[in-house]
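Me: Could you take me through one part of this structure in close-up? Please go step by step, in short sentences.

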Amino acid sequence: MTATNHVVTGIAIVALVPNPAISLPLAFLAHFALDALPHFGDRKHRSKSLDRLRYVLPIDMALAAVPLLLLVILQPEHWFLLALGGVLCASPDLMWIPKYVRHLRGLPEAPKNWLMRFHSWIQWGERLWGIWVELAWFVAVSWLV
């Protein structure tokens, strides 16, 4: 899933589950559940997919920042916990930054740890048509919030 969908999902979980001891870990774990759904990506052409990130990633990061910035500006009740839920839900993807940097530098891929292998394995549904799943998810979760 895109960072945008991870962020809005994390915010929604914290908004709907009032106990932060439950909602914050749940927001983190939701990341992996979302990545197990069909979503945008190109699993068959991984290197082309990494090259595409050069254009897609900045747009996605900017869109993901919007709900977080709105929370900071509007400061609804528990805004910090809501924002933390959004960040926690998106945070597992930070593990891919070194892989992406290595790709940009033309370096060989480093070995994956167990969490990276698991994270890759659950993303069986990366497809270009997954953008429609992503859009439907975003609309549904945003409506909930």
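Reply: Start with a contact. D60 touches T2, A3 and T4, leaving aside residues up to four places away in sequence. Keep in mind that this is a predicted model. D60 itself lies in helix α3, which covers residues 46-74. D60 and N5 are 55 residues apart along the chain, yet their C-alpha atoms are separated by 9.3 Å. Is D60 buried or exposed? D60 has a relative accessible area of 10%, and under 20% counts as buried, so D60 is buried.

Let us see what packs against it. Two packed helices are described by the angle between their axes and the distance between the axes.

Take helix α2 first. It runs over residues 20-35. How far apart are the axes of α1 and α2? They are 9 Å apart, and the helices pack at an angle of about 140 degrees. The crossing of α1 with α2 is right-handed. On the α1 side, the contact uses N5, H6, T9, G10, I13 and V14. On the α2 side, it uses S23, L24, L26, A27, A30, H31, L34 and D35. By class, this contact of α1 with α2 has seven nonpolar residues, six polar and one charged.

Which residues meet? From α1 come A3, H6, V7, T9, G10, I11, V14 and A15. From α4 come L81, L82, G85, G86, C89 and A90. This contact of α1 with α4 holds nine nonpolar and five polar residues, and no charged ones.

One stretch is left: the loop between α3 and α4. Q75 sits there. Q75 has a positive phi of about 45 degrees, although it is not a glycine. At 46% relative accessibility, Q75 is partly exposed. H78 is in the loop between α3 and α4 as well. Its phi is near 65 degrees, again positive in a residue other than glycine. H78 has a relative accessible area of 51% and is exposed.

How confident is the prediction? The mean pLDDT of the chain is 90, and 92% of its residues reach 70 or more. Confidence is highest in α4, at 98, and lowest in α3, at a mean of 83.

Notes. Residues numbered from 1 in each chain as written. Predicted model: local features only at pLDDT ≥ 70, side-chain atom pairs only at ≥ 80, totals over all residues. Heavy atoms only, no water. Helix = DSSP H or I, 4+ residues; strand = E, 2+ residues; numbered from the N terminus. Buried < 20%, exposed > 50% of the residue type's maximum accessible area, 1.4 Å probe, protein only. Contact = heavy atoms within 4.5 Å. Nonpolar A, V, L, I, M, F, W, Y, C, P; charged D, E, K, R; others polar. pLDDT = per-residue confidence, 0-100. Axes fitted to C-alpha atoms, helices over the stretch in contact; angles between N-to-C directions. Left-handed = near helix turned anticlockwise from the far one by under 90°.
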